[in-house]
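Please open the structure in a viewer and keep the selection tool at hand.

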Amino acid sequence: MKVLHIITGLGDGGAEIILYQTCKFDDLNHHVVISLTGPGKYTQLLQEIGLKVFTCNLHSNILLGLYLLIKYIKQIQPDVIQTWMYHGNLIGGIAARIFGYRKIFWSIHNSGFNLSLLNFKTRIIVKLGGFFSSFIPVKIISCSSAALAPHIRLGYKRSKFVVIPNGYDVDRFSVCHQDAGKVRKQYLPSFDIPLLGMVARFDPSKDHENLFAALHHLVTKGCVFKCLLIGNGLSVDNKSITNLLATYGIEDHVILLGSQANIPLWMKVIDIHVLSSAAEAFPNVLAEAMLSGTPCVSTDVGDASLIIGDTGWLVPPRDPVALSQALLEAIEEFKNPQKWSRRKELARKRIIDNFTIQKMINAYRKLWSSA
């Protein structure tokens with residue numbers, strides 16, 4: 001089949017990663033991608049694996065962007081249309097239906113709990129999506145079972161939902177320990193002191209202040225550690241971040257690295273991955289850390305409990321005291337090499353057993369073929 005993907009944009013994000021992996025590992029179908037906005041990080045990556053990528057630049061010229069979208073759909077003549085993210089679902093879905101396409105599948109990679117954190121225009125798109133969900137998509141794919149209830153409350157058609165958990169490339173996260181060790185020494189020469197890390201863009205939903213408050217508690221208890229922060233906006237140029245670090249008195253314990261390309265390497269570099277989010281759908285970073293053999297401490301948001309199982313620590317969101325206590329427990333176990341090695345093995349095994357890329361691809365193929 002020729003599968004056309006219509007996505008809001010191709011920047012750095014969870015939905016973009018899954019789209020890229022779907023196109024890369026599904027060798028039974030032919031894939032083409034349309035970005036409603038401009039090019040992004042995944043534009044070049046998609047082109048490198050031989051895909052055609054079209055951009056509409058809707059954000060700069062709405063009328064021209066809509067014209068280009070319609071032109072591309074007519075030119076590509078797909079068998080199946082898979083849309084991604086709220087804008088891609090609504091705008092791509094309506095455009096496809098206007099030209100008579102019926103095999104339209106939406107995908108949702110948002111928890112639905114953080115609607116208030118979205119801008120006004122996006123909130124309107126989300127609510128319109130609920131209305132149009134009854135008659136545009138054949139099915140709505142959610143990567144998270146926890147995201148169904150809030151979206152149904154927003155008007156999305158209950159019977160349309162199907163859950164396909166995200167899948168991960170096992171080989172990509174098989175990084176050499178020696179390479180990771182060399183990088184780790186640059187930030188923390190001692191292997192007896194835990195190197196914490198959080199990979200997440202600077203965004204209200206990630207609740208970095210919750211993390212900083214928890215780290216402050218660790219400092220007051222005399223805990224010795226370093227914490228790497230990786231993601232867009234997490235650099236010394238971001239005064240919001242540096243001011244928060246100063247407020248909590250943890251500047252000497254936190255290292256801001258900004259956006260990094262080789263995430264598998266960094267997941268292997270850190271000893272404990274922390275996720276302090278207030279809202280998530282299916283947090284990829286937890287699965288990626290675990291696949292790297294890095295145990296996780298996370299807030300209990302979205303499908304975090306499904307991902308982690310009994311291999312890590314879960315705490316309520318927006319509770320820095322509980323988060324700091326879980327971190328203390330993890331750090332204490334880190335000091336026991338035998339126990340920690342076993343936990344690392346179990347974390348990696350859980351992802352390999354439940355969330356491989358092939359399982360995800362097979363689920364998408366089955367759904368597209370069933371329409």
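A polar contact is a pair of N or O atoms within 3.5 Å; within protein, one of the two must be able to donate a hydrogen and the other to accept it. This term will be needed at the second stop. The model shown here is predicted.

**First stop: the whole protein**

Display the protein as a cartoon, in which 15 helices and 13 strands may be traced. The radius of gyration is 21 Å, close to the 21 Å that the globule rule gives for 371 residues, so the protein is as compact as a globular protein of that length. Along its principal axes, the C-alpha trace spans about 65 × 40 × 35 Å. Of the 371 residues, 55% count as buried. Colouring by charge shows 39 positive and 28 negative charges, whose mean positions are 10 Å apart.

**Second stop: D271**

Select D271, in the loop between α10 (263-269) and β11 (272-275). Is this residue buried or exposed? D271 has a relative accessible area of 13%, which is under 20%, and therefore counts as buried. Now show side chains: that of D271 makes a polar contact with the side chain of R184, at 2.4 Å. Beyond residues up to four places away in sequence, D271 also touches other residues, including I193, P194, L195, F334 and W340.

Move to F135, in the loop between α5 (120-132) and β6 (139-142). With a relative accessible area of 42%, F135 is partly exposed. Which residues does F135 contact, leaving aside its neighbours within four places in sequence? They are R97 and K160. F135 and R97 are 38 residues apart in sequence, while their C-alpha atoms lie 9.6 Å apart in space.

Most residues other than glycine have a negative phi. Select Q77, in the loop between α3 (62-76) and β4 (80-84). The phi of Q77 is near 50°, a positive value in a residue other than glycine. At 57% relative accessibility, Q77 counts as exposed.

Finally, select D207, in the loop between β8 (195-199) and α8 (208-220). D207 is not a glycine, yet has a positive phi of about 50°. At 16% relative accessibility, D207 counts as buried.

Definitions and conventions:
Residues are numbered from 1 along each chain as its sequence is written. This is a predicted model: local features need pLDDT of at least 70, side-chain atom pairs count only at pLDDT 80 or more; totals for chains, interfaces and linings use all residues. Side-chain values use heavy atoms; hydrogens and water are left out. Helices (H or I, at least four residues) and strands (E, at least two) are DSSP runs, numbered from the N terminus. The radius of gyration is taken over C-alpha atoms; the globule rule is 2.2 Å times the number of residues to the power 0.38. Buried means under 20% relative accessible area, exposed over 50%, partly exposed in between (1.4 Å probe, protein chains only). Lys and Arg count as positive and Asp and Glu as negative; His and the chain ends are not counted. The place of a charge is taken as NZ of Lys, CZ of Arg, CG of Asp or CD of Glu. Contact means heavy atoms within 4.5 Å.
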